[in-house]
Amino acid sequence: MKHSPHVSICIELPLIELRPEGLYCPSGNFYVDPWKPVERAVVTHGHADHARWGSKFYLCAKPGEGILKVRLGKDASIQGVPYGEAVHFGETSVTLYPAGHILGSAQVKIEANGYSWVVSGDYKLEPDPTCAAFEPVRCNGFVTEATFALPIYRWAPDSVTFGMINDWWRENSQQNRASILYGYSLGKAQRLLAGVDRSIGPIYTHGAVERLNHVYRSEGIALPKTTYALAATAGKFAGSLVVAPPSMNGSTWLRRFGDFSTAMASGWMQVRGHRRRRAVDRGFILSDHADWPGLLQSVRDTGAETVWVTHGYIDPLVRWLREQGLAAEGLATHFENDEDLQSEPLDSEPITS
Amino acid sequence: MKQFAELYSAMDSTTKINIKVSAMEKYLQAAPAADAAWAVYFLRGGKLCAPFPSKMMRGWAAEIAGVPAWLFAECYESVGDLAETAALLLPDAPEQDGLGSLTEWIESRLIPLRGMAEEDQRRLVVDSWQQLSSAQRFVWNKLMTGSFRVGVSDGLVMRAIAAVSGLKVEVIAHRLAGAWKPSGEAWIALVSEESSDVGQSQPYPFYLSHPLEGEPELLGNVTDWMIERKWDGIRAQMIRRGDDVHIWSRGGEILTERFVELVEQAAHLPKGTVVDGEIVGWRDNKVLPFADLQHRITLKRPSRAILDKIPARLLAFDLLEWQGRDVRTLPLQERRALLETLPLHLSERLHPVDWQAARQLRLGARDFLAEGLMLKRMDSEYGVGREKGRWWKWKVDPYSVDAVLIYAQRGHGRRASLYTDYTFGVWDKDKLVPFAKAYSGLTDTEIREVDSFIRSHTIEKFGPVCTVTPQLVFEIAFEGIQQSTRHKSGIAVRFPRMARRRTDKSPADADTIETVKALLLST
């Protein structure tokens, strides 16, 4: 987790500025992903470090509404707008475009006086059957994440990675072992479920995952049949796949599964040291964030003259972009840059499935 | 190369011993003899001299990857391993099958690399990268930089060889002892039923002890045990066979040339004798500090002056071969009796009347610069490897000092990108002076806590090292202490590690340099 020193931002026509509450648009009087309660919040996606509790009004992409409700509570005032449809706040117009990160994730395009900024939140360029594909948006200023902004991070095509996951599951299945696959319960878990070969065996889930599966299915996302693990009879897990949040590794929750092998699906698995520290049997490199070539390509595709870089390997990306002749700045936000360690709600309320 | 890289991945991705052993068995069964030999060599930690300084590989990899030096450095800092950083950065190439046997890769590429002109080295290395996948490149880079390491003990490698050959582990251990040179013939000799017996210079596998936990009374009668001091030196076997003398370290190194006085002494032994003991520095009738011996051991052919200043002595404690016969299965007391008839310096046998008296001897061990006592059952055979029950080491409790974390540095490998290497200070009046560095002793959870403390309490950075607000207190344990002119604090400690974090203490409660120096006097 790297933090760059706070950089004071000074550009012409500031459509956004950094305030103690978060990224703020003065001409439209709203915040994007504020980390403190504010009047009006435009939310890029439902992960805990972007969608925080306590603001008065929330705006998000239509497909993400259900997720936000689960995360922020039924009483939160949430308005969902379809991708590509402009909403007007003061002098500005706000349009959401798919970010390809998780279901309902959006890039926020802010326009005023023929000048535009895009706050991209978290994003990836790889296709993902559980959410709309990332759409490059032309703009003058671009705010990008930098979770994996080092050239050591280059993702293989999904088909290759899922081939490896399926092989691992199949082999465990033949040995009558359960396969415990860890992935963040919102987004990563559903992408895993949609991508594995369901013919290998039954699939069980942790409560936190199952709860979000409901939301995904109600948004029309096709997922294979899953069973909430606590609702299943013990001793039936041999040969099955169990999808659970990473925090379950090494916990007593695993006892019910008998003989099993563990694996973690994350971009961090690219590096051997991370893999070994995780103490899992296998690490599969699968991320919902852009890799190095993806970050560079998306910056290029926006055509932006100014790039602000937040959370992750900020300094290397800023320096690289500057060496390419762009005006780049690091931005000290409160977004987390670890796709596995985000504090996620793990209360597994009973589920009827 | 492909199969060897797969073997590495299989072993690296599991912590389960059985899976590691069966992966080795599978490889050794299928591999051509010479490949099996090289694999065994590397699995056991064998290294070839790096053909070029690692910074050259760094330069070539950055160039091929199109990454500027600063960015390579950022990646390296994050990954913590040069071979891996290079492997991850190199672009995918069209032919990445890792074709060719391990032997070809080692004997036709790696070994010839040494002594090539730089431009030829570059061409060969870049060409080799073209033919390997990222995982294979990692293994290859590790081999080239002499940093290949697999988390597997020698015992497990031998277990796999034993399973493949159908021979006993003891036989494999004996055949492998000493400097085993990998080749197809060597592998065949290693695993064949009637292998030509052990070579003239071959040592026996060393028998190792376990640390004693709990009270010695549990071991029964004190008179059933042979008790000696545990010397802090170099464990070695002295071999006299025919007209030759060989001296082997436990690490499998030949020390013969380094200890001319021992060779001279061994020449007086009857032919067909193998003695086990500890080499120590010895002058004026007492053992010299280990640091002296350490200085001497670095010299291939020590000068007359060094020989006079740090004379070596083998303190013999066991007899493995007698009149050309392997006597390891005789009871220890019989072996010792035979040993005592030889012209040797023996490790003194102690005769405490009871365990209470033994405790006193243990407490006094440091007066002899010994680490504690060795307890060996009188009737014990000389076994293989480390077993529980027959030989125990009973070390003196370590020294301990409370010190404050003042500097931190990122770790390597598994601990890359975490601050895991710490420097600790003790008070010298109102200043903290660095007195020891320690890397080990914390759990992964504690490391993460300390790491996040360091990140939020960094005062200044000097390259990879940062100074930290002095706030965390640790109990530092260590085995020995000596005066030193090379250290700021004027002292050097041996085997320092973190015994525990003292959350109950504030920096002001940490020890002073005076208390630490007082420990010097107690030795």
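Predicted model: local features only at pLDDT ≥ 70, side-chain atom pairs only at ≥ 80, totals over all residues.

Q: Why is the contact between A:D158 and A:R191 called a salt bridge?
A: The rule asks for a side-chain nitrogen of Lys or Arg within 4 Å of a carboxyl oxygen of Asp or Glu. Here the N to O distance is 3.0 Å, so the pair passes the cut-off of 4 Å.

Q: What does that pair tie together?
A: A:D158 sits in helix 2 (residues 158-174) of chain A and A:R191 in helix 3 (residues 188-195) of chain A, so the link joins parts that are 33 residues apart in sequence.

Q: How do you know whether A:D158 and A:R191 are buried or exposed?
A: Buried means under 20% relative accessible area. A:D158 comes in at 18%, so it counts as buried. A:R191 has 2%, so it counts as buried too.

Q: What makes B:R500 and B:E475 a salt bridge?
A: Their closest N and O atoms are 2.7 Å apart, and the cut-off is 4 Å. B:R500 lies in strand 23 (residues 497-501) of chain B and B:E475 in strand 20 (residues 473-478) of chain B, 25 residues apart. B:R500, at 43%, is partly exposed, while B:E475, at 13%, is buried.

Q: Which residues join B:R500 and B:E475 in one network?
A: B:D402, B:R502, B:D504 and B:K505 belong to it as well, joined through salt bridges that share partners.

Q: How do you know that strand 13 and strand 15 of chain A pair?
A: Pairing takes at least two bridges, and these strands have 3, in the parallel sense. A:Y204 stands opposite A:V242 in strand 15 of chain A.

Q: Why are strand 14 and strand 17 of chain A said to stand at the edges?
A: The open sheet of chain A has 6 strands in the order 14-13-15-12-16-17. Strand 14 (227-228) and strand 17 (282-284) each have a single partner strand, so one side of each is left without a neighbour in the sheet.

Q: Which helix packs on that sheet?
A: Helix 2 of chain A does, touching strands including strand 12 (178-182) and strand 16 (260-265) of chain A. Its direction makes about 150° with that of strand 12 of chain A.

Note on methods
Residues numbered from 1 in each chain as written. Chains lettered and ligands numbered in written order. Heavy atoms only, no water. Helix = DSSP H or I, 4+ residues; strand = E, 2+ residues; numbered from the N terminus. Buried < 20%, exposed > 50% of the residue type's maximum accessible area, 1.4 Å probe, protein only. Contact = heavy atoms within 4.5 Å. Axes fitted to C-alpha atoms, helices over the stretch in contact; angles between N-to-C directions.
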